[in-house]
Structures are given as C-alpha cells and as structure tokens.
Amino acid sequence: MLFPANFLWGGAVAANQCEGAYNEGGKGLSIQDVLPHGLKSAPTAEPTPDNLKLKGIDFYHRYEEDLKLMAEMGFKVFRTSIAWSRIYPLGDEAEPNEQGLAFYEKLFATCHKYGMEPLVTISHYETPLHLARKYNGWASPQMIGFYEKYVRTIFDRYKGQVKYWLTFNEINSVLHSPFMSGGIVTPQEELSLSDLYQAIHHEFVASALATKIAHEIMPEAQVGCMILSMPTYPLTPNPDDIIKVMECDHFNDFFGDMHVRGEYPGYMKRYFRENGIKIKTTPAELALLKEHTVDFVSFSYYLSLCEGVEGEDIVGNFMGGKKNPYLQASEWGWPIDPQGLRYILNKFYDRWQKPLFIVENGLGAKDELVNDGQGGKTVQDDYRIRYMTEHLKQVAEAIEDGVPVMGYTSWGCIDLVSASTAQMSKRYGFIYVDRNDDGTGTLQRYPKQSFYWYKNVIASNGACL
Ligand code: BG6
C-alpha cells in the first residue's frame, strides 16, 4: 500500500462541535448556540440547556490533553475551525476580540509543539448569530465585507502558524440547509431560488477574496475549497436516470467549478435562465472569481447515493437520493461505500486537475465503553476499524490511479456533538469522551481500539492496511 512520504495523516473537528465554552473568552453567540437539535430543528430564541454544543466536549479547556493524544497517534495534521464569533462576537464590529485571537494562537502553538500542522476551516456552520439575525446571513452582500475583515484579522495574526486554510465548510450544503450553512434566517420554503443563488454568489466572492488576501499576506499558504461530496450512481441504465444523475452532479460540481475554473458554467446559466433565477454580479466580482482560484480541493466523504426516476428515497447528511440495493448502511442509515471514495477522487481529479484533500470521512456509530482488562476502559470498535481500513484501501487505489491526494483527516477524531442530530451518541472518534445525550458524564477521555490501529497505520504510512 503506497502513500506518498509527505502524506498528511490526521483528524478533523469543528469548533462548534467540540469547544463548548460558548459564552467564555468574550465569545459572541453563533447560530449553533440556538440549534439544540441540529439540522432539522428550528432555532430557539436564546441558548437552551438541552443544547449539547454549549459545552461540547470542553475542548476549549482541554485541548492540550486532546492534542497530546492526537500526537500520540502520530497525527501530521489537525483540522479544526475558528469560531468566527470568538474573533468578532457580533461580526459587524470594528475591533476583534483579543481573547479569542489569543485562544487560537495558543491552540496552533500547541499543535506545532506536538508536530502537527493545523488545517483551519474559516467558517464551519458557525456564522455569528447577530449576522444571521440582522443581515439574514449570506443573503446579504454586506457579509462579504464582514468576512473580509475577519479573514484579514486571522491571516495577519496566524501567518507563519497556519499553512492550510479552507474557506467554507461543505459550501454546497447551503442548497439544503440555508440556515446552518449560510446563516440565512428566511425559512427554506420561503427562500426564492434567486435569493439562494445570490447568497451563494456572495460566498463565492468572499471565498475568492479570502484566497487573494491569504496569498498576499502568507505567500506560503495553500487555500482550498471544501465540498460535501456524494457520488451519485444511476439506479438503472435508463437514459432518464443517467440524465438525472448528470443534473444532480451539476448542482454539486458547480461549487468546485466556481472555485477551480472561476466562472459560471454553461449548465448553471441554463438552469438560471429556465427557472427565472436572476442574480446580481459585477464585472469586478467576476474578475476576482476568475483570478483567485483555489490551490487545492478538499471534500468530505461519507456515503454515496443513487438517482433515478423510480426507487426508494433515503437521506444522508443534508442531501437525499435513492437507496442503493447493493450497500449496507450505518446505524444512522448512511450507506457505506468505500469504493465511492476511489470513484470520487478520480472524478474530482479528472474534472479539476488539482491536488485533493480528504478532510472528513468516518463512521458515526454507537460505542460501548468496556473494561480493557488492565484496569482501564476502552471501546472495542472493530466496526470502525473495518470501515476505515476499507476506505483507506480505496484511497491507496486512487493514488495508484495517479490522483494526487494530499492527506486524510478522519472526521471527529475525538468524539464530539453531531452536526445533523446534535447527539453525543453518534460517535466518530478514536478517543471516547464520557458524555451522554442527556448531558451527563465526566468528560474523561479513553482511547478506543481504533486509536492503536490508526497509530499503526500512520507509523507504517499505510503499509499495514
Ligand atoms: C459533515 C460536517 O456534514 O458531516 C460535520 O462537516 C459533521 O460538521 C459531519 O459533523 C458528520 O455529520 P453528523 O451529522 O454525523 O455529525
């Protein structure tokens, strides 16, 4: 199994799902602080005690201990996000919050102390709540200016400390969750397609601007877009199914095309034309998009779907499709398809010819803490080891196919609060965190069996898979 010598092995989290300390260190509220039940819930007026993200896994206070464990596994890279509302608590004020800036400075210094390169998502489903409520999030063009101010601040402060940046987590998810992904308060059923695509345009401009500014301030930095990937297969060879798949792919590929090719593709112009979608763009914005494309493409991969004119509907993270009769599913109903990862790596590289970074992949499962026979506790998570072994073998296949893969950061390398369901019991980690769905638990950390397995994978650079 051959992985490149400089392959970036590691793990990923997001601030809002692990930090907790939602009102400490001068932090303002983010949209997650009023989303107690995840994707499908309506926002509450104020933070409520049933919101597990308010405390998360207390990473804010325990990051030193956690990063040490990740270093023990041999991580080369650690992906996290900066909570925008720690830096600009409201989002539209003039001056940043020094305590927030200092927090991430210590966090990144600790990564380096343990030999890990930070990979930072600038915006991971955590728009400051004030920007959502006052401006309707990315529906407003003013967001571009607020985001620009935020990225200038963090790039100035963390230059030399952070080399890899992602502009928006799963940017295409805004199609399915305008509030969580884009801070857009207008209920989805009332949001017109013109307003939705206008918001997306604002995000594209902000992303290109961030890429431009990053390259100016940090010439050594590499900036990537981040796409929610979901390979879609035709349910049957019926040409109607093939065309349906092509159209589904277009809706998602659009986001990568904009970041890599830097211009609106013909298929989207047609879609806009035929659906009466009108968006405002300026020549300066279009020039910016064309000129400041990304250095690499990153993506999450959990499952594949089918599309077709018939068949049973299922829902994965954010998007749905048709059930694939050949695949088993996770306890949360997400189809498990390791080969889909090889397929999407090839597809993305064929399309964009850019280095690719798998920044999320993993199995959300129920774990049971048991005695390890040596006086401690652990989780016998062979199912997770199996899942990841099969997926990593497919990464190796794609590398053999000639795809340049920069690295792999497994999702939720330490248990955290789920994004879609807001549960603790949907666990992804190599490290078990003692916290339950009702909020009880000691928060103590326990390495699972997958912890030792992953350590071995990294130490052998994948040879042991
Ligand atoms: C991705 C998100 O959609 O999937 C993460 O970027 C999320 O934030 C991950 O946690 C897994 O989804 P879930 O709903 O199982 O937490």
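Q: Is K322 buried or exposed?
A: Relative accessible area decides: buried is under 20%, exposed is over 50%, and partly exposed is in between, with a 1.4 Å probe and protein chains only. K322 has 11% relative accessibility, so K322 counts as buried. Keep the source in mind: this is a predicted model, where local features need pLDDT of at least 70 and side-chain atom pairs count only at pLDDT 80 or more, while totals for chains, interfaces and linings use all residues. Residues are numbered from 1 along each chain as its sequence is written, and side-chain values use heavy atoms, with hydrogens and water left out.

Q: Which residue forms a salt bridge with K322?
A: A salt bridge puts a side-chain nitrogen of Lys or Arg within 4 Å of a carboxyl oxygen of Asp or Glu. Here the partner is D313, with the closest N and O atoms 2.8 Å apart. D313 has 57% relative accessibility, so D313 counts as exposed.

Q: How many salt bridges does a search of the whole structure find?
A: The search returns 27. One of them pairs E360 with R79, at 3.0 Å from N to O. Why look at where the two sit? E360 is in strand β11 (residues 356-360) and R79 is in strand β2 (residues 77-81), so the bridge ties together parts 281 residues apart in sequence. Helices (H or I, at least four residues) and strands (E, at least two) are DSSP runs, numbered from the N terminus. E360 and R79 are both buried.

Q: Which residue forms a salt bridge with R342?
A: R342 meets E397, and their closest N and O atoms are 3.9 Å apart. R342 belongs to helix α12 (residues 338-352) and E397 to helix α13 (residues 382-400), so this pair ties together parts 55 residues apart in sequence. R342 is partly exposed at 31%. E397 is partly exposed too, at 36%. Shared partners can also build a network: salt bridges join D249, D253, D257, R261, K347 and R351 into one.

Q: How many aromatic pairs does the structure hold?
A: Rings of Phe, Tyr and Trp (its six-membered ring) pair if their centres lie within 6.5 Å; planes under 30 degrees apart are stacked, over 60 edge-to-face, the rest tilted. The structure holds 41 such pairs. Ring pairs link F59, Y60, Y63, F78, F103, Y104, F108 and Y158 into a cluster.

Q: Which ring has the charged end of K426 over it?
A: The test needs NZ of Lys or CZ of Arg within 6 Å of the ring centre and within 35 degrees of the ring normal. K426 sits over W334, 3.7 Å from the ring centre. K149 lies over the face of Y88, at 4.6 Å from the centre.

Q: Where is L443?
A: L443 is in the loop between β15 (431-433) and β16 (445-447). Its phi is positive, about 70°, although L443 is not a glycine. L443 is buried at 4% relative accessibility. Q353 also has a positive phi without being glycine, near 50°. Q353 sits in the loop between α12 and β11.

Q: What does the side chain of N51 reach?
A: The side chain of N51 reaches the backbone nitrogen of K53 at 3.0 Å. N51 lies in the loop between α1 (15-18) and α2 (59-73) and is buried at 3%. Setting aside neighbours within four places in sequence, N51 is in contact (heavy atoms within 4.5 Å) with Q32, D33, V34, L35 and P36.

Terms used. A polar contact is a pair of N or O atoms within 3.5 Å; within protein, one must be able to donate a hydrogen and the other to accept it, and residues adjacent in sequence count only if both atoms are side-chain atoms.
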